[in-house]
Amino acid sequence: MRVEAVQGDITRERVDVVVNAANSSLLGGGGVDGAIHAAAGPALLEACRELRRTVLPEGLPVGEAVATPGFDLPARWVVHTVGPNRHAGETDPALLGSCFRRSLDVAADLGATSVAFPAVGAGVYGWDADEAARVAVGAVRGWAAAAGAGPEPGGRSRPGGIGLVRFVLFSPRLLTAFDEALGAQPDRA
Ligand code: AR6
């Protein structure tokens, strides 16, 4: 699986899945969440409301992920995840890593071959750029290594079709942090 980092606007990415750094309400917000809703059009908010009415009446838990169509985005699907909010005392990096692993689980179940991630947690939720990058890269590479290892102990076989993960960063500072994390961590898959 290829893992790369670029600077850009994730709403313009031509990939199967764009990941959204949402909040538990799934009903929109600022940052990349606001940009994705603006670019996808009002049908995205309606799809999120439907998730709340049906399978997620209490919202999406931190570290979890759920899919909707991409509507007016170039991407086919949006996978929404919720990062831990450091300002609310959620400082466990494992929860941030879970956002990336669970998003890839959902993307793989959709049959996606390419996934773009923003720097989940590195905006409003207060994660330092270097730590956010280290956690993100470690989680994605760990997921790829596990996916390459075949069926999970529970017997569930993971589709191994994701060939590209691209981190799409809004600022040069974040791009540097992700480039350093990618260079510093060995490619395990
Ligand atoms: N493309 C790529 N990255 C972007 C874009 C874009 N179009 N727009 C912003 N970013 P944040 P969080 C970067 O705050 O920290 C929302 O209100 C941004 O510069 O979007 O997980 C949600 O509803 C930053 O580096 O996500 C939640 O309430 C990164 O995306 C809360 O913010 C993530 O910043 C989630 O906070």
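## Ligand contacts

A backbone N or O atom of Ile 10 sits 3.0 Å from a nitrogen atom of the ligand. An N or O atom in the side chain of Asp 33 is 2.7 Å from a ligand oxygen. A polar backbone atom of Tyr 125 is 3.0 Å from an oxygen atom of the ligand. Taken alone, the ligand exposes 700 Å², and the protein buries 90% of that (Shrake-Rupley areas, 1.4 Å probe).

The model is predicted: local features need pLDDT of at least 70, side-chain atom pairs count only at pLDDT 80 or more, and totals for chains, interfaces and linings use all residues. Residues are numbered from 1 along each chain as its sequence is written, and side-chain values use heavy atoms, with hydrogens and water left out.

## The shell around the ligand

The ligand is surrounded by 23 residues (a heavy atom within 4 Å). The closest are Asn 23, Gly 30, Val 32, Asp 33 and Val 124.

Strand S2 (17-22) and helix H1 (31-40) each supply at least two shell residues (DSSP runs: helices H or I, at least four residues; strands E, at least two; numbered from the N terminus). H1 gives the most, with 4 residues.

## Cysteines

The structure holds 0 disulfides (a disulfide is a pair of cysteine sulfur atoms within 2.5 Å).

Cys 48 is buried, at 0% relative accessibility (buried means under 20% relative accessible area, 1.4 Å probe, protein chains only). Cys 99 is buried, with a relative accessible area of 0%.

Note on methods:
Buried means under 20% relative accessible area, exposed over 50%, partly exposed in between (1.4 Å probe, protein chains only). A polar contact is a pair of N or O atoms within 3.5 Å; within protein, one must be able to donate a hydrogen and the other to accept it, and residues adjacent in sequence count only if both atoms are side-chain atoms.
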